[in-house]
Amino acid sequence: EKYVYDFSEGHKDLKELLGGKGANLAEMTRLGLPVPAGFTVTTRACQAYLATGQNPDGLDAEIDEHLAALERTMGRRLGDAEDPLLVSVRSGAAFSMPGMMETVLNVGLTDASVAGLAAQAGGNDRFAWDSYRRLIQMFGKTVCDVPGEEFSDALEEAKKAKGTTDDLHLDAADLRALVDRFKRIFAKHTGYDFPQDPREQLRLAMEAVFRSWNAERAVLYRRQERIPADLGTAVNVCSMVFGNLGADSGTGVAFTRDPASGAQGIYGDYLSNAQGEDVVAGIRNTVPLEDLQRLDAKSYEELLAIMAKLEGHYRDLCDIEFTIERGKLWMLQTRVGKRTAAAAFRIAAQLVNEGVITLDEALRRVSGAQLAQLMFPRFDLSDEPAALTKGIGASPGAASGKAVFSAQRAVELAAEGEDVILVRRETNPEDLAGMIAARGILTARGGKTSHAAVVARGMGRTCVCGADELEIARDRFTVDGQTVAEGDVLSIDGTTGRVYLGAVPVQPSEVVQYFEGDEVDSTLVEAVDTIMRHADATRRLAVRTNADTGEDAARARRFGAEGIGLCRTEHMFLGDRKELVERLILSSTESARNDALAALLPLQRADFVDLFRAMDGLPVTVRLIDPPLHEFLPSLEELAVNVAVARERGEENAEEAQLLDAVRRMHEQNPMLGLRGVRLGLVIPGLFAMQVRAIAEAAVQLAGEGLHPRPEIMVPLVGAVQELEMVRQECEQIVAEVVAGSGVEVLIGTMIEVPRAALTAGQIAEAADFFSFGTNDLTQMGWGFSRDDVEGAFFWRYLELGIFGISPFESIDRDGVGRLIRIAAEEGRAVRPDLKLGVCGEHGGDPESVHFFHEVGLDYVSCSPFRVPVARLEAGRAAV
Ligand code: PEP
Ligand code: MG
């Protein structure tokens with residue numbers, strides 16, 4: 001196996017083997033750009049080293065060979081006393097991990113070669129000693145773990161002793177003394193002297209770079225960015241060029257476009273008489289790149305020509321590191337540059353307009369996550385407010401308002417025109433009205449799939465959950481000794497999870513204004529428009545929305561939804577109607593039950609009329625009631641206390657006692673595995689029938705107005721075809737009776753959200769016109785994770801241990817839950833080729849998951865209104 005590649009041997013498509021930096025240095029070499037000579041040791045060598053703790057067989061010999069060739073090219077020997085070759089040793093992985101791993105410059109300098117370097121530099125002793133002290137400092141810190149502060153403190157002391165703050169004022173003698181000081185620091189911490197054998201320095205530096213792959217911060221960064229842990233880093237050994245040889249030397253960074261806005265132009269910084277790490281360390285102030293024109297016109301012109309060439313070659317924004325050594329320009333690095341979300345869209349669209357890339361390529365260069373970022377209003381943090389506390393950013397956005405501590409107060413204050421932030425320990429369905437009324441929701445408990453988080457995302461409300469430092473009382477909370485009472489203004493950032501006291505100013509999203517159909521004059525919106533049109537033209541997946549109200553449905557439609565994939569009808573049983581449901585549950589006679597159902601029917605019908613109207617001409621999937629009924633009854637504990645207290649006082653109330661009995665009867669240890677969904681329909685006579693009648697009557701009413709309602713009735717929690725058959729039979733009868741002669745067609749299908757349903761999909765397909773994957777429950781039951789508890793309870797540990805890189809409730813678990821979906825899709829379609837397949841769990845709006853659903857061949861994804869554009873974009877990206 002070949003472990004070492006000369007820069008002239010590689011090219012840009014060898015990133016996996018040579019790392020990004022090595023592959024691009026090779027590419028620039030191939031393009032004939034001025035790159036200092038050097039070679040790259042492969043990531044495979046690193047993998048072998050990390051596996052065994054030793055260089056693999058043959059590596060040392062190959063390095064010797066390439067080093068000898070480099071010495072011949074440069075006409076100098078590494079660390080030679082008279083005329084030394086010095087090299088830099090830099091990490092470079094396949095994925096950019098900025099600042100995560102190590103670099104050592106000036107390798108080859110020793111007590112002997114320092115004089116040779118001074119001679120090379122025309123008798124510049126100061127430069128040689130400065131380079132040597134930099135080597136000891138960097139080598140000590142990165143190769144031998146000497147605490148960096150010891151070196152920087154010693155440097156500060158030397159400057160202070162000289163009465164200066166500028167390291168340029170230290171002369172050769174000062175730096176020589178500093179080298180002695182550094183060597184003592186080195187020996188004190190390592191127990192041995194600074195190595196004087198240049199080849200030994202090189203070997204140790206390369207091994208340190210290999211090991212830096214597993215440095216704590218690198219491991220953390222990879223986990224966050226979901227970069228595989230076993231890739232390893234390449235090592236680049238490059239002959240040194242010096243930016244610190246005097247005023248005609250320097251170092252800089254440049255971008256071919258503005259990485260923040262995407263605008264074309266010259267962006268960058270330059271620092272004269274300095275080495276690269278000075279720019280990063282901020283030792284001295286840089287000047288704008290344009291100033292280089294004045295300082296060194298020739299290098300400046302050459303740099304601009306190279307930048308144009310690189311952008312043309314990579315067909316994208318490039319960033320560049322360069323050094324000028326005594327008026328000679330050297331390219332040290334280039335890569336396709338990181339950019340903000342807005343710049344990603346702008347640059348992609350600009351490059352299309354310039355004829356540089358195709359629309360397909362433009363689509364690949366942006367992401368749903370970037371689009372989502374652009375859709376949330378943001379805090380203007382230019383005043384740098386201090387955060388009060390931090391929770392989990394559960395539903396992005398920026399919201400400010402008065403703190404309230406109950407849903408009722410939220411509704412009252414909002415009705416008075418106040419902006420409010422609803423603060424709760426955790427939320428439950430009872431809080432819904434308050435959540436709707438609030439600008440934002442803040443909870444002390446629960447993770448990204450807690451009720452608060454899921455509902456807030458569904459409504460596009462900003463939410464921070466799990467802010468566990470909050471101690472919440474009835475009408476106030478305290479955190480860190482500070483008390484926030486009702487009416488105090490809070491600002492919450494649903495992206496970062498930060499909570500601020502007081503109002504932080506907010507900027508609305510122009511991208512949302514555009515999706516809403518407003519005229520917005522901005523280059524960003526133009527770019528988003530260009531790319532969204534192409535995504536829509538390209539995608540095979542349709543995108544629907546999860547919506548329960550006409551208003552949400554209408555908004556989602558403006559955002560591009562092509563129907564409703566899930567209407568959760570239980571959301572229609574809250575508020576005033578709760579009493580009717582309570583009556584239904586508690587009714588002991590058939591006539592009482594029928595009365596309650598009869599009272600609910602017109603209300604439900606009106607709900608569906610709203611929905612079908614908003615989605616006229618498009619399919620609307622209405623799911624029959626799903627949650628356990630006890631959710632509609634008062635809490636067992638509270639009621640038990642009330643009844644006991646009343647009994648004590650001799651004020652017993654028969655109705656309350658009866659209610660308590662009922663609540664006890666219905667109490668379940670595992671309600672999510674209990675009496676819900678289709679089970680309810682089979683146990684409570686008339687409940688599903690009432691809903692089906694309301695759906696059919698609403699459709700007939702609208703058809704009578706000349707509209708085109710397309711209802712789809714969906715049965716939740718089916719695990720066996722027998723369940724579905726029984727419900728279906730009842731539904732068909734009612735539908736047939738109601739829609740006769742109206743021209744309305746009603747489909748009847750099922751959710752696939754119980755693993756058994758996925759595994760018997762062939763049977764279930766016999767009784768279903770469509771399947772909609774309920775990936776929330778499928779994940780819950782597939783993993784055996786309670787979706788309401790696990791995130792706060794132990795997911796943090798699972799994430800920390802790398803058991804998964806992201807919650808399976810957020811992004812589909814391809815191997816497990818995904819396999820259930822594949823099986824169900826295949827077996828369902830084998831039985832019924834025209835079976836419509838969709839997904840309506842939270843995953844329907846998750847970018848990664850959308851690609852999976854595309855691969856599996858679903859017909860549509862359904863997600864909350866605000867995620868519809870993201871799903872459209874990702875469905876387009878999945879198809880190119
Ligand atoms: C699901 O389980 O994925 C689903 C959409 O239903 P719910 O979230 O209402 O249980
Ligand atoms: Mg479900």
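**From the surface to the site**

Modeller: Let me begin away from the site: Ala415 counts as exposed because it has 9 C-beta neighbours inside 10 Å; the scale calls a residue buried at 20 or more other C-beta atoms within 10 Å of its own, exposed at 12 or fewer and partly exposed in between, with C-beta atoms placed from the backbone. Ala415 belongs to helix 16 (residues 407-415), where helices (H or I, at least four residues) and strands (E, at least two) are DSSP runs numbered from the N terminus. Ala437 is 22 residues from Ala415 in sequence, and their C-alpha atoms are 8.1 Å apart.

A word on conventions: this is a predicted model, in which local features need pLDDT of at least 70 and side-chain atom pairs count only at pLDDT 80 or more, while totals for chains, interfaces and linings use all residues. Residues are numbered from 1 along each chain as its sequence is written, and chains are lettered from A and ligands numbered from 1 in the order in which they are written.

Now to the site. UniProt, in an unreviewed entry, places the feature "binding site" at Arg568, Arg623, Glu753, Gly774, Thr775, Asn776 and Asp777; UniProt positions follow the numbering used here, feature names are shortened, and annotations may be inferred rather than shown by experiment. For the same feature name, the unreviewed UniProt entry also lists Glu753 and Asp777. Although this pair is spread over 25 residues of sequence, it clusters in space, with a largest C-alpha distance of 5.3 Å.

Glu753 sits in the loop between strand 30 (747-752) and helix 29 (755-759). Glu753 is buried because 28 other C-beta atoms lie within 10 Å. Apart from neighbours within four places in sequence, Glu753 is in contact with Leu717, Gly774, Asp777 and Leu778, a contact being two C-beta atoms, placed from the backbone, within 7 Å. Asp777 has 24 C-beta neighbours inside 10 Å, so it counts as buried. With neighbours within four places in sequence again left out, Asp777 is in contact with Glu753 and Val754.

Arg623, also in the UniProt list, has its place in strand 28 (residues 619-623). Arg623 counts as buried because 28 C-beta neighbours fall inside 10 Å. Its contacts, beyond four places in sequence, are Leu566, Cys567, Arg568, Thr569, Met714, Pro716 and Met751; among them, Arg568 is itself in the UniProt list.

What surrounds the ligand? The residues around ligand 1 are Leu566, Arg568, Asp626, Glu753, Gly774, Thr775, Asn776, Asp777, Cys840 and Gly841; a residue is included when its C-beta atom, placed from the backbone, lies within 6 Å of the molecule. By class, this shell has two nonpolar, four polar and four charged residues; Ala, Val, Leu, Ile, Met, Phe, Trp, Tyr, Cys and Pro count as nonpolar, Asp, Glu, Lys and Arg as charged, and the others, Gly among them, as polar. Strand 27 (564-568) and helix 31 each supply at least two shell residues. The largest share, three residues, comes from helix 31.

Buried residues make up 51% of its 880 residues. Of the contacts between residues at least 6 apart in sequence, 67% join residues at least 24 apart. The protein is divided into domain 1 (4-239), domain 2 (250-336), domain 3 (377-508) and domain 4 (539-572 + 616-627 + 708-879), with bounds from an automatic or database domain assignment. Between domain 1 and domain 2, the centres are 22 Å apart over C-alpha atoms, and 14 residues of domain 1 are in contact with 12 residues of domain 2.

Finally, helix 34 (residues 847-856) has Pro847, Ser849, Val850, Phe852 and Phe853 as its buried residues. These pack against helix 15 (368-375), helix 33 (817-831), strand 32 (836-839), strand 33 (860-863) and helix 35 (868-879). Just after helix 34, Gly857 takes a positive phi of about 90°.
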